[in-house]
Amino acid sequence: MISLAGRDILHSWGKFVFTGVGLGLLIGVTLVMAGVYRGMVDDGKALLDNSGADLWVVQKDTLGPYAESSSVNDDLYRAILAMPGVARAANVTYLTMQVKKGEQDVRSMVVGIVPGEKGGAPGWPPYLVAGRQITRGHYEAVADIATGFRIGDVLTVRRNRYTVVGLTRRMVSSSGDPMVFIPLKDAQEAQFLKDNDAIWQSRRATSANPAFNRPGVPGLLDAVNASQASSSSVNAVLVRIKPGAVPDEVAESIRRWKRLTVYTRMQMEEILIGKLIATSSKQIGMFLVILAIVSAAIVAFIIYTLTMDKIREIAVLKLIGTRNRTIAAMIMQQALALGVIGFAVGKITATYAAPLFPKYVLLMPGDSVTGFFAVLVICALASVIAIRMALKVDPAEAIGG
Amino acid sequence: MKILPLQRRTLALIAVIVPLLVLLVYVALRSGPLAPVAVTEARVESQAIRPALFGIGTVEARYTYKIGPTYAGRVKRLDVHVGDRVRAGQLLGEMDPVDLDDRVRAQEAAEKRAEAALREATVRQAYAETQARRYEQLFATRSTSEEILTTKRQEWQIADAALSAAREDLARARSDLEALRAQRGNLRLIAPVEGVVTLRDADPGTTVVAGQAVVELIDPKSLWINVRFDQISASGLAADLPARIVLRSRNGQTLEGRVLRVEPKADAVTEETLVKAVFDAAPTPLPPIGELAEVTVDLPALPATPVIPNAAVQRRGEQPGVWQITDGEPDFVAVRLGRTDLDGRVQVLEGLKAGDRIVVYSEKALSPKSRIHVVERIPGTSR
């Protein structure tokens, strides 16, 4: 038995393939959009994974350190280390800013990490793609590869210059900004120290205040100035718990006895994905749904048009007594073949287009499989309309036309 | 004849469809989560590492002389400016004596008055003595009464006492005068050592309190650097270790120096150990006091042990380890780490031996189930 569909496709294969490619590009865009959505969520999770923490200790009643600003004293970690179940606690600061390198600047999240510990305290980049981890306590940086910095580059953060000694990958903030890791003390300065002009102005303001600049007390002004310039805050304390300890219990005891807000991994994920990127991910999700509907409509329309193009031939087929089932199978097979080609083209274009996007696009195999079956179902449904039209055609049209 | 065009079409269609499917399979397997992770490998080497410590500090002067009056007063003149070099004993300036000169003159007059009083008391005493002696002779010949003699003797003793009082009065007046003159001399601000003026805190006409510095001197030969090392990486610090000093204003120029001493008191608030480092030869021109300096202290070399780059160290939970490559599969090996140097090399005390193949860089975090493929370098890391 000859395949009617195959013969028909061969008859005008160029048109068929090009239609498939066009459809594929549409499917590709849909897959990329799904990838953008997944990438957004993954950025949030990557942030949590990379911090290597089990608990986040932040300022009381804040959603810090990612979703809100939070500030705690930098000697607080000692008190937390003494809590039962805590294996390790490390200070960390996060600051999103423009990092300058020569003329250009890159939006990135500057992370202050505790240097000097072999293999890393919480907050360290867990793996590198080039260079080495920070060994000096000052003026070294490990940058994400997405910043465009390379080993040996010199960056400027506030007034200090940092040499890039290592590169890492997929270290991003929840909004996808690449991270730059610098030693904690430098980061504290970058975050809390004012710029030089502001310091001069505040010194002038202080010296103009008679309460601080008394003629009879010579050292007072210097002391006041020194106390204003010091910075002893960090954004959060990252805590790793001992094996076997229950995160919720440790968190509860810190909450209760230290009167701080503590988040576990689950709660942090809830904050990041449920609150921080909720609206933007919904926005993308909405767009994805619309794109899927539009794609489905276009697929249906293409198949319908393809069938309508050969309505005469179908009429002839009916005239020579072809069974309805055969005609229906032909249209259905063509639709499915179109869908398969479209999916293949779409998947390939999506894969090659994904790295070109400035933000992370995560194409999940699961999404691709779902997409494949969705395309097949849409094609099958679309062909049903075309089949109805084909079956309703009057064989007389073949002659009458 | 009819078959051929059909076959050609079939071939053309196959020529399009088959590469498409091949590409699809390639794409599905080589990208995304299913793809093998690109890693770079290295061999564990047996090396002697030379740990070094890195700290920052500020240039400070070892000796700072704050020169000011010992009494509250007004600055009269100040001859030196910031940056001037001064000799030991040089007059830097003077405080306004206000009424001090008049008081000196008054005291001089008081001294003269005391001298006059002394002369008077001397004469009185001499007369009283003579009278007493005469009456003694008269009494011996019974020409006068005993009562008169007793009175004359008493007058002599009183005159004696008055003379001592007048002497002491004169001594007091002289000392008072000396004191005033010393105070007058103290109004001169004099350089105690050879040095450079670093601060001129008050200008002529300014009233200063006792003890407030008017001029500050430093001894430029005594410059040192107050270096702070994070306590976490300060083990092994000791006096006389060689140090390399880079001044913020002279980036790229390394000055040789050494550790002078490790301060017995560390900073508890900043968690830093304090160290004083000195230059082997004082740099010219002198760096300004307070300039930021980066100091690298070289510790003695350690015996050779297996050494790995610190980028290879990963952590699973609390356990540090490395991914060892055995038969092309990554395998997490727990290690115990030793000292580290500033170039990022870490000693391995337990867990690996020289010659083992380990993963240094990986494109993403590895897990025991990851498939890896070894590359020369991770794509995108170099320009």
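Trainee: To begin, in which sense do strand 14 of chain B and strand 15 of chain B pair, and over how many bridges?

Mentor: Please keep in mind that this is a predicted model. Strand 14 and strand 15 of chain B are antiparallel partners, and five bridges hold the pairing. Within this pairing, V262(B) lies opposite V275(B) of strand 15 of chain B.

Trainee: What holds strands of a sheet together in general?

Mentor: Backbone hydrogen bonds make the pairing between strands of a sheet, in either a parallel or an antiparallel arrangement.

Trainee: And which closed barrel of chain B has antiparallel pairing?

Mentor: It is a closed barrel of six strands in chain B, in the order 3-12-15-14-13-16. On average, neighbouring strands of this sheet are turned by 40° against each other, with direction ignored.

Trainee: What about strand 13 and strand 14 of chain B: how many bridges do they share?

Mentor: Strand 13, residues 242-247, and strand 14, residues 254-262, of chain B are antiparallel and pair over five bridges. I245(B) has L255(B) of strand 14 of chain B opposite to it.

Trainee: Then how many bridges do strand 12 and strand 15 of chain B have?

Mentor: Six bridges pair strand 12 (residues 223-230) with strand 15 (residues 272-279) of chain B, again in the antiparallel sense. N226(B) has K276(B) in strand 15 of chain B as its bridge partner.

Trainee: Now the open sheet of chain B: what is its strand order?

Mentor: Its four strands follow the order 2-17-22-21 in chain B, with antiparallel pairing. Strand 2 (45-47) and strand 21 (336-340) of chain B are the edge strands, each pairing on one side only.

Trainee: How many bridges join strand 21 of chain B to strand 22?

Mentor: Three bridges link strand 21 of chain B to strand 22 (residues 345-350) of chain B, and the two run antiparallel. L337(B) is opposite V348(B) of strand 22 of chain B.

Trainee: Which of its residues are buried, and what covers them?

Mentor: The buried residues of helix 3 of chain B are K152(B), W156(B), A159(B), L163(B), A166(B), L170(B) and A173(B). Their cover includes helix 2 (100-140) of chain B.

Trainee: What lies in the loop between helix 2 and helix 3 of chain B?

Mentor: R142(B) is found there. Phi of R142(B) is near 60°, a positive value in a residue other than glycine.

Trainee: And why does R142(B) count as exposed?

Mentor: R142(B) counts as exposed because 8 other C-beta atoms lie within 10 Å, and the cut-off for exposed is 12 or fewer.

Trainee: Where in chain A is Y139(A), and what is its phi?

Mentor: Y139(A) belongs to the loop between strand 5 and strand 6 (140-144) of chain A. Phi of Y139(A) is near 60°, a positive value in a residue other than glycine. Y139(A) is partly exposed, with 19 other C-beta atoms within 10 Å.

Trainee: At what angle do helix 9 and helix 12 of chain A pack?

Mentor: Helix 9 (residues 278-309) and helix 12 (residues 365-392) of chain A pack at about 35°, with their axes 8 Å apart. The crossing of these two helices is right-handed. By class, their contact has 13 nonpolar, two polar and no charged residues.

Trainee: Finally, how many residues of chain A are in contact with chain B?

Mentor: 41 residues of chain A are in contact with 48 residues of chain B. Helix 11 of chain A supplies the largest share of the chain A side, six residues. That side divides into 20 nonpolar, 11 polar and 10 charged residues.

How values were computed. Residues numbered from 1 in each chain as written. Chains lettered and ligands numbered in written order. Predicted model: local features only at pLDDT ≥ 70, side-chain atom pairs only at ≥ 80, totals over all residues. Contact = placed C-beta atoms within 7 Å. Nonpolar A, V, L, I, M, F, W, Y, C, P; charged D, E, K, R; others polar. Pairing = 2+ DSSP bridges. Axes fitted to C-alpha atoms, helices over the stretch in contact; angles between N-to-C directions. Buried ≥ 20, exposed ≤ 12 C-beta atoms within 10 Å, placed from the backbone. Left-handed = near helix turned anticlockwise from the far one by under 90°.
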